[in-house]
Amino acid sequence: MQPTIHSKLPNVGTTIFTVMSSLAAQHNAINLGQGFPDYPMSEELTELVNRAMKDGFNQYTHMNGYPPLREAISEKIEYLYQNKINPDTQITMTPGGTYALYTALTTILQAEDEVIVFEPAYDSYIPAIEVNGAKAIMIELQFTDYSINWEEVRNKISEKTRTIMINSPHNPTGSVLSETDIEQLRAITKDTNILIISDEVYEQLIFDGKQHQSILKYPDLLERSFVCFSFGKVYHCTGWKLGYCIASEYLMKEFRKIHQFNCFTCDTPKQVALSQFLQKRENYLELGSFLQKKRDHFQNLMQQTRLRPLPTFGSYFQVYSYEGISDEGEKDFAKRLTQEQGVATIPVSAFYSSEKNNQVLRFCFAKKESTLEAAVERLIKL
Ligand SMILES: Cc1ncc(COP(=O)(O)O)c(C=O)c1O
């Protein structure tokens with residue numbers, strides 16, 4: 001007899017991401033759906049990893065992360081956000097941003113707690129909340145600018161609210177939080193027990209001269225926050241799965257208790273390499289303009305199509321509307337685009353917990369120029 005188990009995530013099945021990827025492969029489509037670059041990562045960083053391995057940095061490093069890397073991150077934060085973060089007590093390296101988010105949620109959630117989540121949302125949030133026995137309270141970002149309705153946040157806060165999750169620059173829409181949003185967040189959380197989890201995996205990938213409103217800039221908010229980052233995303237090496245979390249000492253102490261018995265320590269040679277790479281400021285200061293060029297190029301090319309852009313100010317993504325081209329639902333339209341035009345995208349409805357149809361698709365422009373050009377050539381025919 002096969003033993004039975006009770007699924008911890010009974011509602012999770014095959015996601016649209018898997019569906020679209022296999023459809024893309026089946027139809028030899030250009031894949032602008034998945035959020036990873038198809039261009040090479042920094043040669044300098046690759047060389048540094050090779051050197052670290054040859055120099056023998058191949059064993060477990062410190063549980064909280066290779067100390068010189070934590071110091072380099074702390075220096076970077078002081079330079080960018082004028083805030084002093086203690087590398088010994090406030091920074092922990094993690095195997096990717098998703099793990100950092102998951103660990104933060106696991107650190108603080110008790111059964112029946114509520115977590116405010118804005119949707120469309122990165123797909124790991126809800127399962128990570130539910131696996132911890134807590135409940136996601138969904139609030140829709142306002143269409144079409146995907147801004148937060150703070151009045152609604154106020155209305156949805158209850159005695160059970162444990163944390164609010166924010167994400168800027170935002171996946172899937174490329175919207176970014178403003179100083180006014182931060183003020184609202186401060187007003188809502190002040191003198192409460194509510195914590196903040198801030199997903200900043202696209203930290204440097206911000207455009208048009210906008211300033212990233214990192215929680216790290218605001219010591220009073222950092223006091224109640226876990227701030228999560230991903231090296232994979234910003235340095236164009238998503239397969240590295242390396243990131244980190246920053247929090248106040250009292251929160252980080254608890255975070256590390258979970259981390260210690262989960263992955264314990266992360267990839268050593270890559271941490272050694274990054275500690276050296278971060279010494280050169282241009283290595284992170286140029287990331288935004290590098291990606292903005294791609295966004296601009298893609299947006300210009302897309303003017304030749306009947307798809308209409310919604311503004312994006314950061315991340316790897318831009319949302320386009322097909323209103324006026326078809327009345328189909330997003331999933332059907334995205335599937336047809338893959339099958340008939342040979343371009344794979346992700347329907348934005350995939351990032352909502354319930355049925356949604358704004359007739360918009362997410363395109364990833366973190367691709368080679370030639371990939372973007374070939375895709376648009378196909379989309380012109382639409
Ligand atoms: C908003 C957001 N958070 C977190 C992640 C995960 O980052 P990592 O690959 O480092 O786990 C992603 C990746 O797509 C993302 O889009």
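How many nonpolar, polar and charged residues does the lining of the largest pocket have? In this predicted model, the lining of that pocket has 11 nonpolar, seven polar and five charged residues.

**The largest pocket**

The largest pocket has a volume of about 670 Å³, and 23 residues line it, among which Asn11, Thr15, Ala350, Tyr352 and Ser353 lie nearest its centre.

The ligand sits in the second largest pocket, which holds about 480 Å³ of space. Of the 24 residues that line this pocket, Gly35, Tyr122, Asn171, Tyr202 and Lys233 are the closest to its centre. Helix H4 (97-108) and helix H9 (231-234) each supply at least two residues of the lining, with the largest share, three residues, coming from H4. When the residues of this lining are sorted by class, they divide into nine nonpolar, 10 polar and five charged.

Around the ligand itself stand Gly96, Gly97, Thr98, Tyr122, Asn167, Asn171, Asp199, Val201, Tyr202, Ser230, Lys233 and Lys241, and this shell divides into three nonpolar, six polar and three charged residues. Some of these residues bring a polar side-chain atom to the ligand, as the following table shows.

| Residue | Ligand atom | Distance to a side-chain N or O atom |
|---|---|---|
| Threonine 98 | oxygen | 2.7 Å |
| Aspartate 199 | nitrogen | 2.6 Å |
| Tyrosine 202 | oxygen | 2.7 Å |

The ligand has 390 Å² of accessible area on its own, and the protein covers 93% of that area.

The structure holds one cavity of 30 Å³ or more, and about 40 Å³ of space lies in the largest cavity. The residues lining the largest cavity are Lys76, Glu200, Val201, Glu203, Phe229, Ser230, Phe231, Val234, Tyr235 and Tyr244, and by class they comprise six nonpolar, one polar and three charged residues. Strand E7 (225-230) and helix H9 each supply at least two residues of this lining. Val201 and Ser230, which are among the residues lining the cavity, are also among the residues around the ligand, and H9, for its part, likewise supplies at least two residues to the lining of the second largest pocket.

**Backbone features in the loops**

Which peptide bonds of the backbone are cis? One of them runs from phenylalanine 143 to threonine 144, with omega near 20°, and threonine 144 has its place in the loop between strand E4 (135-140) and helix H6 (150-156). Another joins asparagine 171 to proline 172, with omega near 15°, and proline 172 is found in the loop between strand E5 (161-167) and helix H7 (179-189). Asparagine 171, which takes part in this second bond, is also one of the residues around the ligand and one of those closest to the centre of the second largest pocket.

A further backbone feature concerns glutamate 112, which has a positive phi of about 80° although it is not a glycine. Glutamate 112 lies in the loop between H4 and strand E3 (114-119), and H4 is the helix that gives the largest share of the lining of the second largest pocket.

Methods:
Residues numbered from 1 in each chain as written. Predicted model: local features only at pLDDT ≥ 70, side-chain atom pairs only at ≥ 80, totals over all residues. Heavy atoms only, no water. Near = heavy atom within 4 Å. Polar contact = N/O pair within 3.5 Å; in protein donor to acceptor, adjacent residues only side chain to side chain. Areas by Shrake-Rupley, 256 points an atom, 1.4 Å probe, with all protein chains shown as cover. 1 Å grid on protein atoms, 1.4 Å probe; cavity = no way out; pocket = protein on both sides within 12 Å on 5 of 7 lines; lining within 4 Å. Sits in = over half its atoms within 2 Å of the grid points. Nonpolar A, V, L, I, M, F, W, Y, C, P; charged D, E, K, R; others polar. Points joined across faces, edges and corners; volume = space filled by probe spheres on them. Helix = DSSP H or I, 4+ residues; strand = E, 2+ residues; numbered from the N terminus.
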